[in-house]
Amino acid sequence: MKLAFIGLGTMGFPMAGHLQSKGHEVTVYNRTATKAEKWVETYGGAMAVTPALAASGADIVITCVGNDNDLREVTRGTDGVLSAMASGTLLIDHTTASAEVARELSQVATEQGVGFLDAPVSGGQAGAENGALSVMVGGDQASYDLAEPVMQAYGKSIRLLGEAGSGQLAKMVNQICIAGVVQGLSEAVHFAKQAGLDGEQVFDVIQHGAAGSWQMINRHKTMIDDVFDYGFAVDWMRKDLGITLDEARRNGAQLPVTALVDQFYAEVQRMGGGRWDTSSLVKRFDADQ
């Protein structure tokens with residue numbers, strides 16, 4: 001298929017690469033043109049100087065940008081993709097954004113005969129590079145049926161969860177889970193250290209039991225080693241948790257642990273750790289000593 005991919009960040013760069021490697025004809029756009037140039041050098045394909053030019057003639061346009069404002073800019077703004085998309089084409093958004101903007105874009109796209117799916121992803125940089133992401137999708141069945149074979153290039157688990165906005169709501173559930181698990185793991189690493197235990201031996205044992213998790217398996221050693229340059233950054237997690245807490249205020253959900261962990265991440269930011277990965281919650285305990 002002829003595809004356009006808008007946004008070549010940590011996730012988008014390899015995701016677009018998988019599409020090109022699967023034989024699709026991919027044109028990319030990135031706000032920083034040097035990233036698009038590097039992508040073309042790495043994978044082939046083509047680049048465009050505006051989102052609209054990238055989207056022109058594409059069967060499916062895929063976006064993966066930073067936040068609601070970025071998403072509106074590359075879709076509805078001057079030279080946004082929707083200005084160039086023909087009736088019968090499809091827009092897939094992999095940005096982690098609000099359910100509100102997903103519903104807004106779904107309505108605008110539908111009015112011009114364009115399909116829309118909000119499809120945030122989880123799995124981090126490693127998942128994107130390995131083509132093993134989880135993709136949570138909101139939208140209609142017909143659009144999903146068209147999109148699923150394309151998303152299989154980088155998605156291991158892909159599921160339509162409801163109408164537009166459902167994908168973003170599911171990603172909020174995902175981030176609530178991560179926030180609580182990483183805080184618990186941080187406390188466990190800190191406790192093991194204070195108790196004089198060999199943390200690596202402890203976690204090598206307990207990761208195979210009921211306490212085990214992806215975070216424990218993949219992050220306990222780097223947390224012990226005080227290394228925090230793996231994957232998803234604190235700044236982005238705070239953005240996601242802010243969206244989640246805003247949605248909870250609208251729907252009446254009570255998220256006391258999530259709200260507390262959000263404030264702990266704010267402390268990490270004040271320590272200068274905005275670009276550290278999310279497991280850096282454990283650094284707060286160093287600051288207290």
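Is threonine 27 buried or exposed, and what is its relative accessible area? In this predicted model, threonine 27 has a relative accessible area of 14% and is therefore buried, the limit for that class being under 20%. The residue is placed in strand S2, which spans residues 25–29. Beyond its neighbours within four places in sequence, threonine 27 is in contact with Leu3, Ala4, Phe5, Ala46, Met47, Ala48 and Ala54. Isoleucine 6 lies 21 residues from threonine 27 in sequence, and the C-alpha atoms of the two are 8.6 Å apart in space.

The overall architecture comprises 13 helices and 9 strands. The radius of gyration is 20 Å, close to the 19 Å that the globule rule gives for 289 residues, so the protein is as compact as a globular protein of that length. The C-alpha trace spans about 65 × 45 × 35 Å along its principal axes. Of the 289 residues, 52% count as buried. Among contacts with a separation of 6 or more, 65% are made by residues 24 or more positions apart. The accessible surface comes to about 13,100 Å², and carbon and sulfur atoms account for 50% of that area.

The interior was examined next. In soluble globular proteins, nonpolar side chains tend to be buried together. The largest nonpolar core of the present model contains 31 residues, of which Phe5, Leu19, Ile92 and Met151 touch the most other members. At least two residues of this core are supplied by each of strand S1 (2–6), helix H1 (12–21), strand S2 (25–29), helix H2, strand S4 (60–63), strand S5 (90–93), strand S8 (133–137) and helix H7 (141–151). Another core, of 23 residues, lies apart from the largest one and includes Ala4, Val61, Ala109 and Val114. Serine 106, in helix H5 (residues 99–111), has a relative accessible area of 16% and is buried. When residues up to four places away in sequence are not counted, serine 106 touches Phe116 and Ala164.

The structure holds 3 aromatic pairs. Tryptophan 39 is buried, with a relative accessible area of 0%, whereas tyrosine 43 is partly exposed, with a value of 30%. Phenylalanine 228 and tryptophan 276 form a tilted pair as well, with 6.1 Å from centre to centre and 35 degrees between the planes. Phenylalanine 228 is located in the loop between helix H10 (214–224) and helix H11 (234–251), and tryptophan 276 in the loop between helix H12 (256–270) and helix H13 (283–288), so this pair ties together parts that are 48 residues apart in sequence. Phenylalanine 228 counts as buried at 8% relative accessibility, while tryptophan 276 counts as partly exposed at 25%. One aromatic cluster is formed by Phe13, Trp39 and Tyr43.

Arginine 284 is placed over the faces of phenylalanine rings. Its distance from the ring centre is 3.6 Å for phenylalanine 264 and 5.7 Å for phenylalanine 285.

Backbone geometry was examined last. Most residues other than glycine have a negative phi. Aspartate 79, by contrast, has a positive phi, near 65 degrees. This residue is found in the loop between helix H4 (68–76) and strand S5, and at 40% relative accessibility aspartate 79 counts as partly exposed. For aspartate 226, phi is likewise positive and near 65 degrees. Aspartate 226 lies in the loop between helices H10 and H11 and counts as partly exposed, with 41% relative accessibility.

How values were computed:
Residues numbered from 1 in each chain as written. Predicted model: local features only at pLDDT ≥ 70, side-chain atom pairs only at ≥ 80, totals over all residues. Heavy atoms only, no water. Phe/Tyr/Trp six-rings, centres within 6.5 Å; stacked < 30°, edge-to-face > 60°. Buried < 20%, exposed > 50% of the residue type's maximum accessible area, 1.4 Å probe, protein only. Helix = DSSP H or I, 4+ residues; strand = E, 2+ residues; numbered from the N terminus. Lys NZ or Arg CZ within 6 Å of the ring centre and 35° of its normal. Rg over C-alpha atoms; globule rule 2.2 N^0.38 Å. Contact = heavy atoms within 4.5 Å. Areas by Shrake-Rupley, 256 points an atom, 1.4 Å probe, with all protein chains shown as cover. Core = buried A, V, L, I, M, F, W, Y, C linked by side-chain atoms within 4.5 Å.
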